Amino acid sequence: MVLPILTASVVLLLFGYAVYWRRSQSRRRAKDWDSIVARLRSNSEFGFAEVTERYLYSDQINATPADIWRRIDGANGLWAMFTNAGVLLELADYASEHGENVPEQLIEELRSDALQLRVAVLISLVKYGFSRSGVAASVHAHRAASAYSAMLAHMTMLFQEHSTLFFPRFLESM
């Protein structure tokens with residue numbers, strides 16, 4: 001008696017999630033450039049511009065792990081990078097839909113950068129919250145900053161090479 005109810009519940013939940021996912025995807029595709037960029041936090045707001053000199057064109061970090069935590073304002077900067085990763089992926093999807101011949105490999109590199117960034121941010125925040133030492137958190141913050149910088153470099157390449165009309169608007173938003 002319990003098995004049929006459990007099976008029906010699981011099928012109903014999966015169906016409900018599929019409907020929710022489909023609606024969220026269609027809402028996401030319906031957004032325009034300005035509504036996406038409005039959710040993007042500026043890099044100067046959380047001090048990322050101090051971590052690297054040319055963060056849009058290079059993925060080289062010019063700060064030590066100990067310096068990064070202080071320069072990005074700790075957990076606030078990490079959370080800004082975490083939220084920006086999702087917004088940057090939406091911008092990449094927008095550019096790939098409205099751009100010219102965007103290679104799938106570049107989009108996958110951006111998704112990989114976003115995943116690495118989000119994992120490093122979550123680990124850093126957990127280490128910061130549960131550890132007495134800030135060393136572990138700062139090491140993972142350095143990894144997050146490196147992944148964020150790589151993501152910005154890949155985004156810049158995407159806009160320069162495949163969506164040149166959006167490139168000046170992308171630079172303004174950063």
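Predicted model: local features only at pLDDT ≥ 70, side-chain atom pairs only at ≥ 80, totals over all residues.
**Entry 1: contacts and confidence**

I started with contacts, counted as heavy atoms within 4.5 Å. In the chain, 76% of those between residues at least 6 apart in sequence join residues at least 24 apart.

Residues are numbered from 1 along each chain as its sequence is written, and side-chain values use heavy atoms, with hydrogens and water left out.

I looked up pLDDT, the predictor's confidence in each residue, from 0 to 100. The chain mean is 80, and 91% of residues reach 70 or more. Helix α3 (residues 48-51) has the lowest confidence, at a mean of 69. The highest is in α6, at 87.

**Entry 2: layout**

I listed the secondary structure from DSSP runs, numbered from the N terminus: helices are H or I, at least four residues, and strands are E, at least two. The chain has eight helices and zero strands. The C-alpha trace spans about 60 × 50 × 25 Å along its principal axes.

I then checked the domains, whose bounds come from an automatic or database domain assignment. Domain 1 covers 1-30 and domain 2 covers 32-173. Their C-alpha centres lie 32 Å apart.

I took buried as under 20% relative accessible area, exposed as over 50%, and partly exposed as in between (1.4 Å probe, protein chains only). Of the 174 residues, 41% count as buried.

In soluble globular proteins, nonpolar side chains tend to be buried together.

Not counting residues up to four places away in sequence, Tyr148 touches Asn43, Phe46, Phe48, Met81, Asn84, Leu88, Leu117 and Met174.

I picked His162, found in helix α7. His162 counts as buried because its relative accessibility is 15%. Beyond four places in sequence, His162 touches Gly99, Glu100, Asn101, Val102, Pro103, Leu106 and Met157. I also took a distance to Ala120, 42 residues away along the chain: the C-alpha atoms are separated by 29 Å.

Ser138 also has its place in helix α7. Ser138 has a relative accessible area of 8%, so this residue is buried. Leaving aside neighbours within four places, Ser138 is in contact with Pro65, Ala66 and Trp69.

**Entry 3: largest pocket**

I searched for pockets on a 1 Å grid over the protein atoms alone; a pocket is an open set of points where a 1.4 Å probe fits, with protein on both sides within 12 Å along at least five of seven lines. Lining residues have an atom within 4 Å of a point. Volume is the space filled by probe spheres set on the points, which are joined across faces, edges and corners.

The largest pocket has about 170 Å³ of space. Its lining includes Gln25, Arg28, Arg29, Glu90, Asp93, Tyr94 and Arg111. Helices α1 (2-30) and α5 each supply at least two lining residues. α5 gives the most, with six.
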